[in-house]
Amino acid sequence: GLIIDEVSFNETSVFGQVDQRLRALLGEPNVMCGGLPIVLCGDNFQKGPPQGVPWYQVLVKDAASEKIERLNDGTRCAVGRGIALLKSARCVELKRLMRVDADDPEAAAFTTVQLQMRNTRAERPVPEELIRRLQPVSAEDLRVDDEWLFAPIGVLSSIEQDAINFAQLMAFAQYFNLPLFKWKLPMVDAPD
């Protein structure tokens, strides 16, 4: 089988490409994913695909019969294949956070904050208390542990996210003396 984690990062076309490649690789062109069992794991309250549309939004548009750019049967484009694969998946929702020790008071507080931040009905789901407790990374922090240089950064808006990601990308390339490539044209999903 194949396990794909962090599915919130993927666009619908990624799942369609996986389906098509597995059909070809396993020699089963008429069987979804070539018959290989697939497990999709993740939390859609996490980060979506960079500069892309989250797959669950595409499923909603498709269910609402909005026009999706794909061929009628969906077998010749990655988005259509992705929609078909995702529609065939069985959803299992895990209700309990398993990454924390329930007996640890700090872990229990973390769980409470995390659940608050997942409240999609709240206008400001990030608790003020959490924001007040955040501290800037100091020069001493960097001296003790250089992983702080490129640690994940929490933001409250997409504009902040894009600006910080770009700045971090440039800093990362410069710090490690790596080349930085930029595509002149956006990548598009072309039919097979």
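Read from one end of the sequence to the other, the chain runs β-α-β-α-α-α-α-α-α. That comes to 7 helices and 2 strands, where helices (H or I, at least four residues) and strands (E, at least two) are DSSP runs numbered from the N terminus. The model is predicted, so local features need pLDDT of at least 70 and side-chain atom pairs count only at pLDDT 80 or more, while totals for chains, interfaces and linings use all residues. Residues are numbered from 1 along each chain as its sequence is written, and side-chain values use heavy atoms, with hydrogens and water left out.

Of the 192 residues in the chain, 20% are buried; buried here means under 20% relative accessible area, exposed means over 50%, and partly exposed is in between (1.4 Å probe, protein chains only). Contact is taken as heavy atoms within 4.5 Å. Among contacts with a separation of 6 or more, 55% are between residues 24 or more positions apart.

Now to helix H1, residues 12-26. H1 has 15 residues and spans 22 Å from first C-alpha to last, close to the 21 Å expected at 1.5 Å a residue; the expected span is 1.5 Å times one less than the number of residues. Its buried residues are Thr12, Ser13, Phe15, Gly16, Asp19, Gln20, Leu22 and Arg23. An α-helix has 3.6 residues a turn, so residues three or four places apart point the same way. The buried residues of H1 pack against strand S1 (2-4), strand S2 (38-40), H2 and H3.

What angle do H1 and H3 make where they pack? Helix H3 (residues 78-88) packs on H1 at about 90°, and the two axes are 6 Å apart. Axes are lines fitted to C-alpha atoms, for helices over the stretch in contact, and angles run from 0 to 180 degrees between N-to-C directions. H1 and H3 are therefore roughly perpendicular, given that angles under 35 degrees count as roughly parallel, over 145 as roughly antiparallel, 65 to 115 as roughly perpendicular and the rest as oblique. On the H1 side, the residues in contact include Phe15, Gly16, Asp19 and Arg23, and they meet H3 residues including Val79, Arg81, Ile83 and Leu86. By class, the contact of H1 with H3 has 6 nonpolar, 6 polar and 3 charged residues. Ala, Val, Leu, Ile, Met, Phe, Trp, Tyr, Cys and Pro count as nonpolar, Asp, Glu, Lys and Arg as charged, and the others, Gly among them, as polar.

H3 also meets H2: their axes come within 10 Å and cross at roughly 90°. Trp55, Val58, Leu59 and Asp62 of H2 touch Val79, Ile83, Leu86 and Lys87 of H3. This contact of H2 with H3 has 6 nonpolar residues, no polar ones and 2 charged. Ala63 sits in H2 (residues 55-63) and is exposed at 64% relative accessibility.

A couple of loop residues deserve a mention. Most residues other than glycine have a negative phi. Cys33, in the loop between H1 and S2, has a positive phi of about 55°, and so does Gln51, near 55°, in the loop between S2 and H2. Cys33 is buried, with a relative accessible area of 3%, whereas Gln51 is exposed at 75%. Cys41 is partly exposed at 27%. Disulfides, counted as pairs of cysteine sulfur atoms within 2.5 Å, number 0.
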